[in-house]
Amino acid sequence: MVLYRRNRVAGGSFFFTVAVADRRSTVLTDHVGHLRQAFRQTRIEYPFIIDAIVILPDHLHTIWSLPEGDDDYPGRWRRLKSLFTRALVKSGAPVLRDQRGEYALWQRRFWEHTIRDDNDFERCADYVHFNPVKHGYVGAPSQWAHTSLHRYVRAGVLPDDWGGSGHSVGGDFGEPMV
């Protein structure tokens, strides 16, 4: 078995890419209410700040900041994935099982990047907010409903036309390039 090494920084900020196993699925946006509830419940049990997020049909990108002295983001992801999967099963949504009988909704692993400084944070947040355009879902980031970009605009951090015509954001951030 391969040992995956994670950079665990207590109180750190991290960029994540998390995907469902079937990359053709639309489960995350089809059941975004259940996903939001899983985030809320996980944050109650294991507090953290969601600095930026975008939820796409088959994957999501987010930036989290953990409380001082706490580095357990893997436990938070385990809890969040479990809560969402259980909510889907309870709602009657079809969730496949693997050969061991375990639910096979999520990819087992996730991609994580430790945010190093303010410039790195801004680069990652831009990637999060521009991602629906990158994947061709919308022509401008503000047209996507499931994104923290709207919070950034309300707070005056970004203009409402941010990422419009001619804008692009580079990097692979744990997903295949389109």
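**Entry 1: the sheet**

In what order do the strands of the open sheet of four run? I read E2-E3-E1-E4, with antiparallel pairing. I worked on a predicted model, where local features need pLDDT of at least 70, side-chain atom pairs count only at pLDDT 80 or more, and totals for chains, interfaces and linings use all residues. Residues are numbered from 1 along each chain as its sequence is written, and side-chain values use heavy atoms, with hydrogens and water left out.

I took helices (H or I, at least four residues) and strands (E, at least two) as DSSP runs, numbered from the N terminus. Two strands pair if DSSP finds at least two bridges between them. The edges are E2 and E4 (111-114), each pairing on one side only. I noted an average twist of 15° from one strand to the next.

**Entry 2: around E3**

I checked the pairings of E3. E1 and E3 are antiparallel over seven bridges. Six bridges join E2 to E3, and this pair forms a hairpin with three residues between the strands. Ile63 in E3 stands opposite Phe15 and also opposite Ala52. Leu60 is the bridge partner of Val18.

Is E3 covered on its faces, or open? I found both faces covered: His59, His61, Ile63 and Ser65 on one side, Leu60, Thr62 and Trp64 on the other, all buried. Buried means under 20% relative accessible area, exposed over 50%, partly exposed in between (1.4 Å probe, protein chains only).

I then looked at Thr17 in E1. Thr17 counts as buried because its relative accessibility is 5%. Its side chain makes a polar contact with the side chain of His61 at 2.9 Å. For that term I used a pair of N or O atoms within 3.5 Å; within protein, one must be able to donate a hydrogen and the other to accept it, and residues adjacent in sequence count only if both atoms are side-chain atoms.

**Entry 3: helices and core**

H2 lies across E2 and E3. H3 packs on the sheet, touching E1, E3 and E4. Contact here means heavy atoms within 4.5 Å.

I listed the largest nonpolar core, of 28 residues. Such a core is a set of buried Ala, Val, Leu, Ile, Met, Phe, Trp, Tyr and Cys residues joined through side-chain atoms within 4.5 Å. Leu28, Leu35, Phe39, Trp64, Trp77 and Phe84 touch the most other members. H3 (73-91) is one of the elements that supply at least two residues each. The largest share, six residues, comes from H3. A second, separate core of 18 residues includes Phe15, Val54, Ala125 and Val133.

Conventions. Axes are lines fitted to C-alpha atoms, for helices over the stretch in contact, and angles run from 0 to 180 degrees between N-to-C directions.
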